[in-house]
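The tour begins at a single residue and then moves on to other stops.

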Amino acid sequence: MTSPSVLFFFFFLLASFSSSNGEQLIIVNNCNESIWPGVLGGAGHPTFKDGGFHLASGEEVVVDLPDKWSGRLWGRQGCSFDNDGKGSCDTGDCLGFLHCNGMGGDPPATVVEMTLGSATSPLHFYDVSLVDGFNLPVSMAPVGGGVGCGVASCDVDVNICCPSALEVRKNGRVVGCKSACLAMQSAKYCCTGDYANPNTCKPTLFANFFKAICPKAYSYAFDDSSSLNRCRASRYVITFCPPPK
């Protein structure tokens with residue numbers, strides 16, 4: 001019979017091996033209502049939970065990621081789906097499906113982006129982006145990871161102070177705040193065409209508005225210096241509606 005100490009050592013090695021082959025995401029709904037997180041894996045990377053799932057208020061899920069995973073998450077709100085997973089959401093909708101399965105969310109939506117290692121670097125890069133607008137407060141924080149690991153966040157409800165030109169309303173309530181790109185539909189605001197580089201694409205009045213409220217989030221496409229985080233933790237917590245700092 002194998003001794004308990006040998007079994008413990010075996011499971012310790014197994015756990016250590018498993019954790020070294022990928023990271024964990026702990027996804028928490030701290031909002032006072034249900035949300036439906038949407039997920040999109042980057043090119044060549046799988047999309048977990050078929051790209052979308054329900055998360056009740058106060059609920060959390062733990063997801064094991066494959067090594068060097070890259071992708072994005074966003075929260076959907078005001079959703080209603082039938083037994084076949086068809087319906088709609090007030091914000092972040094992906095063509096009316098519960099499971100986004102390779103589709104991104106309709107803007108405006110607050111997006112968490114991450115690249116957790118690559119073939120050329122072991123570093124993890126992650127951010128919260130308002131480039132596609134805002135719908136829900138969210139943060140991404142490492143568990144451990146050492147000195148220099150930052151928190152990516154937009155922990156304020158931007159909808160409360162959204163300029164009227166950018167508001168998205170449902171049933172008389174502001175549920176989203178459009179990006180300047182979505183509202184203006186021009187190369188200057190979308191950083192496309194002649195503006196598709198950091199020399200010509202500069203923060204606009206609307207980008208400065210987002211930055212003043214959420215200084216740790218991307219406010220426009222080339223807002224790298226104050227928004228992109230670098231770390232090497234094995235676990236990260238993504239919290240929707242985090243307590244404001």
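**First stop: lysine 49**

Select lysine 49. Its relative accessibility is 40%, so lysine 49 counts as partly exposed. The cut-offs are these: buried means under 20% relative accessible area, exposed over 50%, and partly exposed in between, with a 1.4 Å probe and protein chains only. Lysine 49 is not a glycine, yet it has a positive phi of about 50°. Its place is in the loop between strand E2 (38-41) and strand E3 (60-64). Helices (H or I, at least four residues) and strands (E, at least two) are DSSP runs, numbered from the N terminus.

**Ground rules**

You are looking at a predicted model, in which local features need pLDDT of at least 70 and side-chain atom pairs count only at pLDDT 80 or more, while totals for chains, interfaces and linings use all residues. Residues are numbered from 1 along each chain as its sequence is written, and side-chain values use heavy atoms, with hydrogens and water left out.

**Zoom out: the whole chain**

Colour by pLDDT, the predictor's confidence in each residue, from 0 to 100. The mean for the protein chain is 89, and 91% of its residues reach 70 or more. Now select residues 4-20. Here pLDDT stays under 50, and the model has 1 contact beyond four places in sequence for this stretch. Contact means heavy atoms within 4.5 Å. Where pLDDT is low, the predicted coordinates should not be read in detail.

Switch to cartoon. The protein chain has 4 helices and 14 strands. Its C-alpha trace spans about 70 × 45 × 35 Å along the principal axes. How does the radius of gyration of the protein chain fit a compact globule of 245 residues? The globule would have a value near 18 Å; the protein chain has 19 Å, which agrees. The radius is taken over C-alpha atoms, and the globule rule is 2.2 Å times the number of residues to the power 0.38.

Of the 245 residues, 43% count as buried. Take the contacts with a separation of 6 or more: residues 24 or more positions apart account for 63% of them.

Show the surface. The protein chain exposes about 12200 Å², and carbon and sulfur atoms supply 56% of that area. Accessible areas come from the Shrake-Rupley method with a 1.4 Å probe; for residues, only the protein chains shown count as cover.

Next, show the charges. There are 17 positive and 21 negative side chains, and the centres of the two sets lie 5 Å apart. Lys and Arg count as positive, Asp and Glu as negative; His and the chain ends are not counted. Each charge is placed at NZ of Lys, CZ of Arg, CG of Asp or CD of Glu.

**The loop between E6 and E7**

Start with leucine 95, in the loop between E6 and E7. Leucine 95 has a positive phi of about 55° although it is not a glycine. Is leucine 95 buried or exposed? With a relative accessible area of 65%, leucine 95 is exposed.

Go to leucine 98, found in the loop between E6 and E7. Leucine 98 has a relative accessible area of 18%, so it is buried. Its contacts, leaving aside neighbours within four places in sequence, are Trp36, Gly52, Phe53, Arg76, Phe81 and Gly85.

Finish at proline 108, in the loop between strand E6 (87-88) and strand E7 (111-116). A cis peptide bond joins proline 107 and proline 108, with omega about 5°.

**Serine 70**

Select serine 70, in strand E4 (residues 70-74). At 15% relative accessibility, serine 70 counts as buried. Outside four places in sequence, serine 70 touches Gly41, Gly42, His45, Met114 and Thr115.

**Asparagine 30**

Move to asparagine 30, in the loop between strand E1 (24-29) and E2. Asparagine 30 counts as partly exposed, at 43% relative accessibility. Which residues does asparagine 30 touch, not counting those up to four places away in sequence? They are Thr239, Phe240, Cys241, Pro242 and Pro243. Valine 138 is 108 residues away in sequence from asparagine 30, with 9.4 Å between their C-alpha atoms.

**Last stop: cysteine 161**

Select cysteine 161, in the loop between strand E10 (152-154) and strand E11 (167-170). Cysteine 161 counts as partly exposed, at 38% relative accessibility. Beyond four places in sequence, cysteine 161 touches Phe209 and Ile213.
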